[in-house]
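Work through the following exercises with the coordinates open, and try each task before reading its solution.

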Amino acid sequence: MDSSAPERSAPSADASPSLCKHLARFWRDRPGEAKVLLGMSAAFLLIFFLPLGQPRFENAVLEGLRLTQWYAREHVILCLLPAFIIAGAMAVYISQGAVMKHLGPASPKPIAFGVASVAGTLLAVCSCTVLPLFGGIYKRGAGLGAAIAFLYSGPAINVMAIVVTAKVLGAELGIARAVGASSLPW
C-alpha cells in the first residue's frame, strides 16, 4: 500500500448531518414551514405529471368545470341562497318563545317531534339546504331532538318530493313516503 496517501478518518461528531437528518430536524423545528414546503412539492409533482394533451383527461377536466358551473348556477342560486334567506327570516320573524313552546327541550316530545317533522312540508329543501334551517331553529332554542327530526324529515316530506315520488312511482309510494317521513322521528 502506498503510505503517502492521506488516511481517511471517520466522520467526527461535529460534521454536517446527512440530508435525511437535516430534513427531519427541519420538520421537527419548523412544522408550519415544513407543511408548506410539502404542499408546494406535492402541487409541483401533480402539475408536472398531469397528462395534458390526452383527450380523455382534457375532456374530464372540461366536464368537471361544466358540472361545477352548473352546480353554482342551479343549486347554489336556486336552493342554498333561498335557504339562507328563509333561515334568516325564521330567526327574525319567529319568536324565541314560539320555538321554545313548540320545539323546545321542555315541550312534550310528541308535539315537538310532530311539529318538527311536519314543518318540512312547506319548504322545498334538499339535504344540504336544510342545514341552515336546522341551525336557525336550533339557535332559536329548539331542542336537539326536535331540530334533528326537522333535519331528517325536511328533505323527505316536502311537497315537491312527495309529488315527484307519486308521479314517477305511483300514488301509493307517494303516500307511503309522506307517512314514513312524518313518522320517521318517532
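A residue is called buried under 20% relative accessible area, exposed over 50% and partly exposed in between, with a 1.4 Å probe and protein chains only. The model is predicted, so that local features need pLDDT of at least 70 and side-chain atom pairs count only at pLDDT 80 or more, whereas totals for chains, interfaces and linings use all residues. Residues are numbered from 1 along each chain as its sequence is written, and side-chain values use heavy atoms, with hydrogens and water left out.

**Exercise 1.** Determine whether Val76 is buried, partly exposed or exposed, and list its contacts beyond the neighbours within four places in sequence.

Solution. Begin with the location: Val76 lies in helix α3, where helices are DSSP runs of H or I with at least four residues, numbered from the N terminus. Next, take the relative accessible area, which is 30% for Val76, so this residue is partly exposed. Then apply the contact criterion, heavy atoms within 4.5 Å; once neighbours within four places in sequence are set aside, Val76 touches Tyr71, Leu81 and Pro82. Finally, compare sequence with space: Val76 and Thr129 are separated by 53 residues in sequence, while their C-alpha atoms are 9.1 Å apart.

**Exercise 2.** Describe how α3 and α6 pack, giving the angle and the distance between their axes.

Solution. The axes are lines fitted to C-alpha atoms, for helices over the stretch in contact, and angles run from 0 to 180 degrees between N-to-C directions. For α3 and α6 the angle is about 10° and the axes are 8 Å apart. Since angles under 35 degrees count as roughly parallel, α3 and α6 are therefore roughly parallel to each other. On the α3 side the contact is made by Ala83, Phe84, Ile86, Ala87 and Met90, and on the α6 side by Pro132, Leu133 and Ile137. Sorted by class, this contact has eight nonpolar, no polar and no charged residues.

**Exercise 3.** Identify which residues touch the most other members of the largest nonpolar core, and which elements supply it.

Solution. A nonpolar core is a set of buried Ala, Val, Leu, Ile, Met, Phe, Trp, Tyr and Cys residues joined through side-chain atoms within 4.5 Å. The largest such core has 19 residues, of which Leu103, Ala116, Leu133, Ile137, Ala146 and Phe150 touch the most other members. Two or more residues come from each of α3 (55-93), α4, α5, α6 (130-139) and α7, and α7 gives the most, with five residues. Looking at one member, Leu103 contacts, beyond its neighbours within four places in sequence, Ala98, Ala112, Val115, Ala116, Ile137, Ala142, Gly143 and Ala146. In α5 (residues 109-119), the buried residues are Ala112, Phe113, Gly114, Ala116 and Ser117, and they pack against α4 (96-103), α7 (144-157) and α9 (171-183).

**Exercise 4.** Find how many salt bridges the whole structure has, and state which residues form them.

Solution. The criterion is a side-chain nitrogen of Lys or Arg within 4 Å of a carboxyl oxygen of Asp or Glu. A search of the whole structure returns two salt bridges. One joins Glu33 to Arg30, with the closest N and O atoms 3.9 Å apart; Glu33, at 48% relative accessibility, counts as partly exposed, as does Arg30 at 45%. Another joins Glu63 to Arg66, with the closest N and O atoms 2.8 Å apart. Because Glu63 and Arg66 are three residues apart in helix α3, about one helical turn separates them.

Terms used:
Parallel < 35°, antiparallel > 145°, perpendicular 65-115°, else oblique. Nonpolar A, V, L, I, M, F, W, Y, C, P; charged D, E, K, R; others polar.
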